[in-house]
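I opened my notebook today to look over one structure, piece by piece. Here it is, so that you can follow along.

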Amino acid sequence: MEVKSVKARNIFYHSEVTTMNDTHKVAVREIDTLYSEAEKLGLKETGPMQFVYHGCDDKRDTKFTLEIALAIDQEKPYEGKYKFKELEAFNCASTLHHGDINNIGETNEKLIPEVFKSGIQITHQSREVYH
């Protein structure tokens, strides 16, 4: 585990209330379209895709807000289903997941006890960054 400070960044994103059981369905449905809309707008990517979880817990059926976000250079005029905003700076505990994305829960299960042991204060928000 590594503690990091992540800078604020502009994002183009999809937001939806979902559960962990349905996160994969949302991702499959939205990611290609989000990238396509960003390309049509001429947005320049400035970092990797992120999933931002608001109010998520360890139960697979708890409803929470998921944001699927592309880091971009600047906001542009747009009237569509996706939104722009600044994703605030964020202090976080970080670890790398190696292997099949379907096994990412195992990495999270190892990270969370380390976070508690370190004394880091957990917030209502977590992020996954996809490189």
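This is a predicted model: local features need pLDDT of at least 70, side-chain atom pairs count only at pLDDT 80 or more; totals for chains, interfaces and linings use all residues.

Which residues of α2 are buried? I found Thr107, Leu111 and Val115, where buried means under 20% relative accessible area, exposed over 50% and partly exposed in between (1.4 Å probe, protein chains only). Looking down the axis of α2, I saw these buried residues fall within an arc of 70°, so they line one face of the helix. That arc is taken over the directions from the helix axis to the C-beta atoms. On the face turned away from the buried side, I listed the exposed residues Glu109, Lys110, Phe116 and Lys117.

**Entry 1: a nonpolar patch.** I found that Ile112, Phe116 and Ile122 make a nonpolar surface patch of about 300 Å². Such patches take residues with over 30% relative accessible area and no salt bridge, joining nonpolar side chains (Val, Leu, Ile, Met, Phe, Trp, Tyr) within 5 Å and like charges within 9 Å. The areas come from the Shrake-Rupley method with a 1.4 Å probe; for residues, only the protein chains shown count as cover. Isoleucine 122 sits in the loop between α2 and β7 and is partly exposed at 42% relative accessible area.

**Entry 2: strand β3.** Strands are DSSP runs of E with at least two residues. Is β3 (residues 49–54) buried or exposed? Six of its six residues are buried, so β3 is largely enclosed by the rest of the structure. Met49, Phe51 and Tyr53 point one way, while Gln50, Val52 and His54 point the other. In a regular strand the side chains alternate between the two faces of the sheet.

I then checked pairing, which needs at least two DSSP bridges between strands. β3 pairs antiparallel with β7 (residues 125–130) over six bridges, with glutamine 50 opposite valine 129. Five bridges join β3 to β4 (residues 64–72), also antiparallel, and histidine 54 has threonine 65 as its bridge partner.

**Entry 3: salt bridges.** I counted a salt bridge when a side-chain nitrogen of Lys or Arg is within 4 Å of a carboxyl oxygen of Asp or Glu. The whole structure holds seven. Glutamate 16 and arginine 29 meet at 2.2 Å, N to O. Glutamate 16 lies in β2 (residues 9–18) and arginine 29 in helix α1 (residues 23–41), so the pair ties together parts 13 residues apart in sequence. Arginine 29 also meets glutamate 30 at 2.9 Å, and lysine 81 meets glutamate 30 at 3.0 Å.

Methods
Residues are numbered from 1 along each chain as its sequence is written. Side-chain values use heavy atoms; hydrogens and water are left out. Helices (H or I, at least four residues) and strands (E, at least two) are DSSP runs, numbered from the N terminus.
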